[in-house]
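Please look at the sequence and the 3D structure below before reading on. The report then goes through them by topic.

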Amino acid sequence: AWNASPHYEDERQVVWSAISRQHIEEGQRVPGFWLPDGRGGRVETARHHGSVLLIYVFSADDPDSGRTLPALDRIAREFEGQGVQPIGVCLSVDPADGAALSRMGGFRFPIGVD
């Protein structure tokens, strides 16, 4: 199956291309998703119905995540109870990466792995 599937020079561009084709109109509900969290649980957008979701999509080896994840954690702490919920989406082949990042950083917001 792998040999028969199309290969892309930069597979990360496929993700961004798919995201850019999503056009949500005002008043429409955003499609939800769930991802494994690397600890046997799931990160689910449906659990945060009515919240403003800040979804950060990053790769496990992205150097910018070292600055962005702590910033999202500060937002999570500052706006807790006000309907703002950061969610991290770690693009990785290892499902434990999201859990490791969350545990090592002490982040209070969910990080799923895709």
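## Basis

This is a predicted model, in which local features need pLDDT of at least 70 and side-chain atom pairs count only at pLDDT 80 or more, while totals for chains, interfaces and linings use all residues. Residues are numbered from 1 along each chain as its sequence is written, and side-chain values use heavy atoms, with hydrogens and water left out.

## Sheet and helices

Helices (H or I, at least four residues) and strands (E, at least two) are DSSP runs numbered from the N terminus. Three strands form an open sheet in the order 3-4-5, with parallel pairing; two strands pair if DSSP finds at least two bridges between them. Strand 3 and strand 5 are at the edges with a single partner strand each, so one side of each has no neighbour in the sheet. Strand 3 and strand 4 (residues 84-91) are joined by eight bridges in the parallel sense, and Val-57 stands opposite Val-89 in strand 4.

Helix 2 lies across strand 3, strand 4 and strand 5, at about 160 degrees to strand 3. Helix 3 (residues 96-105) also lies across strand 3, strand 4 and strand 5, at about 160 degrees to strand 5. Axes are lines fitted to C-alpha atoms, for helices over the stretch in contact, and angles run from 0 to 180 degrees between N-to-C directions. Contact means heavy atoms within 4.5 Å.

## Core

The largest nonpolar core has ten residues, among them Tyr-56, Phe-58, Leu-69, Phe-107 and Phe-109. Such a core is a set of buried Ala, Val, Leu, Ile, Met, Phe, Trp, Tyr and Cys residues joined through side-chain atoms within 4.5 Å. Helix 2 gives the largest share of this core, three residues.

## Aromatic rings

The structure holds two aromatic pairs. Rings of Phe, Tyr and Trp (its six-membered ring) pair if their centres lie within 6.5 Å; planes under 30 degrees apart count as stacked, over 60 as edge-to-face and the rest as tilted. Tyr-56 and Phe-58 are stacked, at 5.0 Å centre to centre and 15 degrees between the planes. Phe-107 and Phe-109 have centres 5.5 Å apart and planes at 35 degrees, so this pair is tilted.

## A loop residue

Arg-39 is found in the loop between strand 1 (34-36) and strand 2 (42-44). Arg-39 is exposed, with a relative accessible area of 56%; buried means under 20%, exposed over 50% and partly exposed in between (1.4 Å probe, protein chains only). Not counting residues up to four places away in sequence, Arg-39 touches Ala-99 and Ser-102.
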